[in-house]
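Please examine the model shown below, with attention to its loops, its overall dimensions and the packing of its helices.

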Amino acid sequence: MPDSRYSDLERPPLSEAALNRALVRPGSLWTALTVVDSTGSTNADLAAAARDGAPEGTVLVAESQQAGRGRLGRAWSAPPRSGLTFSILLRPTVPVAAQGWLSLLYGVAAASAVRRLAEVDVRLKWPNDLLIGERKLAGVLAERADDAVIIGMGLNVSLREDELPVETATSLAVEKAACADRDPLLRAVLREVESHYREWTQAGGDAEAAGLRSAYLASNATVGRRVRVELPGDRTLTGLATGVDLAGHLLVEAGGERHTLSAGDVVHVRPAG
């Protein structure tokens, strides 16, 4: 018997019509929301749409993603309807130099929404991974497409322990979260992103003036930790993460020097506390 969208009653499909009624309205950031059964990559699809003139606020959700990518080009996959896999299209008018904050903004918004609905202690590993403890709940990937920015997220919702891609991952189900219903979670994340995005753009992209930098630091699990950072070119840097600067870069003290990092994969090398 062919697979049906309703074959797994514990993983019901999302309703595109209901989500549009809830989110797409006059004055909203969100202009169109599409749910597809399967695609290669929601980020890649929206990047193509952006180049064809798709408006800001376009959202693409995939029930299954076949060629998802995480940071540093890593492959990413999950069983159909077991998580939230979606991308948004933004066309920020703030200075390009400030736009590095967008992925951090998204992380702050997503962590806040999940924390509120799921009642779990979600923290951010620089720049924007969502963690519960030291296990990864969600990843965020921002990419530029001409004058647009595409931000995608993969959030593990109903995955069981034996379905997790790596032992360092987790899901809302594994964490016994208060909410593992994808519909209200998606609505909450998008509404929180809209709120933060409006404040940030109204401040001209000034993360300090918008309160974004302080909100990020309040949710951050990296600052104050000893870290190993895997840098481009097969280089590594081990030291103490001391802060995040006004551009959203990670500050690391190592070997008596302060390093300012705009990119890199962070590993927490000792427990917090």
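In which loop is Asp-234 found? Asp-234 is found in the loop between strand E10 (226-231) and strand E11 (235-244), where strands (E, at least two residues) and helices (H or I, at least four) are DSSP runs numbered from the N terminus.

## Basis of the model

This is a predicted model, in which local features need pLDDT of at least 70 and side-chain atom pairs count only at pLDDT 80 or more, while totals for chains, interfaces and linings use all residues. Residues are numbered from 1 along each chain as its sequence is written, and side-chain values use heavy atoms, with hydrogens and water left out.

## Overall form

The protein has five helices and 14 strands. Its radius of gyration, taken over C-alpha atoms, is 18 Å, close to the 19 Å that the globule rule (2.2 Å times the number of residues to the power 0.38) gives for 273 residues, so the protein is as compact as a globular protein of that length. Along the principal axes, the C-alpha trace spans about 65 × 45 × 35 Å.

Buried residues, meaning those under 20% relative accessible area, with exposed over 50% and partly exposed in between (1.4 Å probe, protein chains only), make up 51% of the 273 residues. Of the contacts (heavy atoms within 4.5 Å) between residues at least 6 apart in sequence, 65% join residues at least 24 apart.

## Helix H3 and its partners

Two packed helices are described by the angle between their axes and the distance between the axes. Here the axes are lines fitted to C-alpha atoms over the stretch in contact, and angles run from 0 to 180 degrees between N-to-C directions. The axes of H3 (residues 101-118) and H4 (residues 182-202) come within 8 Å and cross at roughly 135 degrees. That angle makes H3 oblique to H4, given that angles under 35 degrees count as roughly parallel, over 145 as roughly antiparallel, 65 to 115 as roughly perpendicular and the rest as oblique. Residues of H3 that meet H4 include Trp-101, Leu-105 and Val-108, and those of H4 include Leu-185, Val-189 and Trp-200. The residues of this contact of H3 with H4 divide into 17 nonpolar (Ala, Val, Leu, Ile, Met, Phe, Trp, Tyr, Cys and Pro), two polar (the others, Gly among them) and two charged (Asp, Glu, Lys and Arg).

H3 also approaches H5 (residues 212-219), with axes that come within 10 Å and cross at roughly 55 degrees, and the two helices are therefore oblique to each other. Trp-101, Leu-104, Leu-105, Val-108 and Arg-115 in H3 meet Leu-212, Arg-213, Ala-215, Tyr-216 and Ser-219 in H5, a set that divides into seven nonpolar, one polar and two charged residues.

## Ala-18 and helix H1

Ala-18 lies in H1 (residues 16-23) and is buried, with a relative accessible area of 16%. The axes of H1 and H4 come within 11 Å and cross at roughly 35 degrees, and the contact is made by residues including Ala-18 and Leu-19 of H1 and Leu-186 and Leu-190 of H4.

## Backbone exceptions in loops

Most residues other than glycine have a negative phi, and most peptide bonds are trans. Phi of Asp-234, however, is near 60 degrees, and Asp-234 is exposed, with a relative accessible area of 81%. Asp-146, in the loop between strand E8 (135-145) and strand E9 (148-156), has a positive phi of about 55 degrees and is exposed at 54% relative accessible area.

A cis peptide bond, with omega of about 0 degrees, joins Trp-126 and Pro-127. Pro-127 is placed in the loop between strand E6 (122-125) and strand E7 (129-132).
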